[in-house]
Amino acid sequence: MLFNSVIFILFFMVVVIVHYLPINWKLKKIHLLLASYFFYAAWNPPFVVLLWISTCVDWVAARIMHRQSSRGKRKVLLMVSLAANLGMLSWFKYGTLFMESFSELVAQFGWQWTPPNFDITLPVGISFYTFQTLSYTIDVYLKRSKPESSFLDFALFVTFFPQLVAGPIVRPNQLIPQFKSPKRATANQFAWGVMLFVWGLFQKSVLADAILGPVAGHAFGLAKEMLVFDAWFATLAFSGQIFFDFAGYSLCAIGIAYCLGFSIPNNFNSPYAAFGFSDFWRRWHISLSQWLRDYLYIPLGGNRKGTHRTKINLMLTMLLGGLWHGAAWRFVVWGAVHGIYLLIERLTFGRYVNHGKISPSARIGGSILTYLAICVTWIFFAAPTWESCLISFRSLIGWTSNPIPVIKTIEIVMITPVIVAMLLGHGYMRNRKLEDEVQRIPNGILAAIFSIILAVVILTGGSDSAFIYFQF
Amino acid sequence: MHSSISSSNNPFQRQTPNKPLIRIVLGSTIAVLLLLTTLEFNARQNGILPTRDMNMSFWQNHRFRLDDQPADTTVVFGASRFTFGLDHNTWEQNTGKRPYNLGLHGASSLPMLHDYAVNTEMNGIVLCAISGGFTFANESIPFSERIAKAVKDINKNRYSFALRSEDFTGRVLQANFAVLNPYLYSPIEVLREHLRFPPRKNERAWFHVPFTVHHTEENQDIYIDDLSDPYYMAQWDSMHQTVLTYMERYDPRDLDDAIAQMKRDISLISQRGGEVIFVRFPVSRFFKEWEDRRFPRDKYWDIILEETGCRGFHYLDNTTTRDLFPPDGSHLMPHQAKVFTRELVKFVYPED
């Protein structure tokens, strides 16, 4: 069920009504759990079984693990949890990629093997809820936390519908404690949740889908040599599309949860105002970056085992982070490029970046360079094939023989202010909070802005485009 | 005792601006509803019709409803030439039955034919468009890929509540309120319509489908209402040039493979008493030049009829339809669609 669909609005209205009925808290949680299962099954009913498997395996594994004093037995139970969760993820998300890659590899040695066609459908959001539930068992294994005593609360943690299919990836200690006591939003909190939701929808439906998406999709999908201007413009358009698509979804999720009385953390913090690449990863898809840091980079040794090992750990983390994003080697390369960026930063200008005394002009220049470097990597996301990647990169530097314009003048006129406003907005909001800024806006102007946004969202209409990050 | 968010024990609690937000949200919502009501009233005063958004969920739901039709229903597969070029009313007046149109802009008829053969038990007449570039388009082309994917997932999507419900909400809202026609009232589309710039030299831009002057009804009755504005004509031309660029860019599907699949599908349909009739719609201008060059009749149309043994209605073989000239190169205007439909009926149901 897409947030930008009428049926979701109807579904959510029913959920809100039941949530605010004068019934006891346990019943409300059961209702939220059932609503979450319904939300997930509404897309493809059989896949709800995956959620149940994940929930049951991790619940049982963590409880038994907690009672074990033997490190070996604890490790076995952790392996069971990892095997179940990563096994499902590997099969559904990477099965086809691995089989095809294996087939191509052995073909290099003269062995012809045709992979079976299993026609695997990717369950929506499997990467998100797999990571979310894995953090629970890993925390219990590392004795960072005790297993949850309430199965209902744990199941709701795994399945909570606002952030189930595209994050933010919430940690057990962020969400489960909120299930312990009855929650309801005040009228003002509810209204703020609605405003966040509508602002998120505006980003998704209007900015990402209606304005930016068609142009970027076409420029990279056509896979023909473009003029240098068009190649850069399409790249910038995609940077806006992927930000508004994903940040919009996250904001919708935060708003929906807030309407129900729950608080989930931010997932984006003006990422295109980042000064340096490590700063970018503190601002883009924050919940994933933190997850990779806490459950992959640090367990690998982080920066505690020498310079050489730190570099390896960093690259491994970014490579796997890239693979997490999609079942194609392009995503791995994307992760590798980001890993290289981070290494270069660490080895060269890292200290300068983290130095407090930087002139405003240097900071702005550094942020623009960071943004452009990030934009270039988005081509691995935007281009559907390696060939298209190559053509796009060549077009960026004018290494073309017969380039054509692929963007209409009207689209240039419409997209330019969106990109400029996005960058200025990120720059302005770099060290600010949305709530504080809204606090400063006079009520009448705030009402006018909200009215315009709401009207534009409704008039632009829903679309049948799923959120880009659903595929991850 | 319920606790509000701010009093929870959540260390990640959010702030809420200290403003009368509930009044702002309610006031804004009422203002927006008033605006929509005014626009709707205005639309009705000006005779603007509600239209369904012709997207993939609309098509898939339309396909699901095919399962509820009588087995001998005449079904139509093809791209936009069929959606614009077949006049349902004329067909019904001449045959007594309304056809079921599953045409989709830019789509190949072959996956649709395959779906009909293997996923239904229907045994009526199947009108299947052959349009060269679209019919044999490479499945890597976005507008070709979506139909292939939709057909591949048809049985999975049948049980998707999210998808099926969009049909319900579309029927209740879009089909009844003109203001929900995004082609007319979306501020983004309004900007695209009113900020008119000349095309760039050799432009092969994203095709902004100029649907401002069309409307879609429930049975996929789609009409081009007006092409008199040169700007719209330029939009169609630009769109078609881009479409042709895509089809040049990606090699077409292998004809032998396609015919082999068609023969298997046609065999299944014939075994249960159905008949597949191929239809070639009029084309003109650069579209005709391109299709004649890339998909010449003797290497495609004639071979297909010969190999499959099916009947085929080619517009050039009919003295009336051969003179029909689609102004945009590819689509018949409503008055032309009536003429074409009448001649097609005569071909499908020849007088004894």
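Author: Let's start with the lining of the second largest cavity, which divides into 8 nonpolar, 2 polar and 1 charged residues (Ala, Val, Leu, Ile, Met, Phe, Trp, Tyr, Cys and Pro count as nonpolar, Asp, Glu, Lys and Arg as charged, the others, Gly among them, as polar). This is a predicted model, where local features need pLDDT of at least 70 and side-chain atom pairs 80 or more, while totals for chains, interfaces and linings use all residues. Residues are numbered from 1 along each chain, chains are lettered from A in the order written, and side-chain values use heavy atoms, without hydrogens or water.

The lining includes B:Phe136, B:Trp290 and B:Phe295, along with B:Gly133, B:Asn138 and B:Arg294. About 40 Å³ of space lies inside, and the model has 3 cavities of 30 Å³ or more. Here a cavity is a set of points on a 1 Å grid where a 1.4 Å probe fits but cannot get out, and lining residues have an atom within 4 Å of a point.

Now for where the chains meet: 82 residues of chain A are in contact with 68 of chain B (heavy atoms within 4.5 Å). Between them they bury about 6,600 Å², 61% of it on carbon and sulfur atoms (accessible area, 1.4 Å probe, lost by the two parts on being put together, summed over both). On chain A's side, A:Asn188, A:Lys408 and A:Leu459 supply 11% of the area that chain A buries there, more than any other three residues.

There are also 5 salt bridges between chain A and chain B (Lys or Arg side-chain nitrogen within 4 Å of an Asp or Glu carboxyl oxygen). A:Glu435 and B:Arg14 form one, at 3.8 Å, N to O.

How values were computed. On a 1 Å grid over the protein atoms alone, a cavity is a set of points where a 1.4 Å probe fits but cannot get out, and a pocket is an open set with protein on both sides within 12 Å along at least five of seven lines; lining residues have an atom within 4 Å of a point. Grid points are joined across faces, edges and corners, and a volume is the space filled by probe spheres set on the points.
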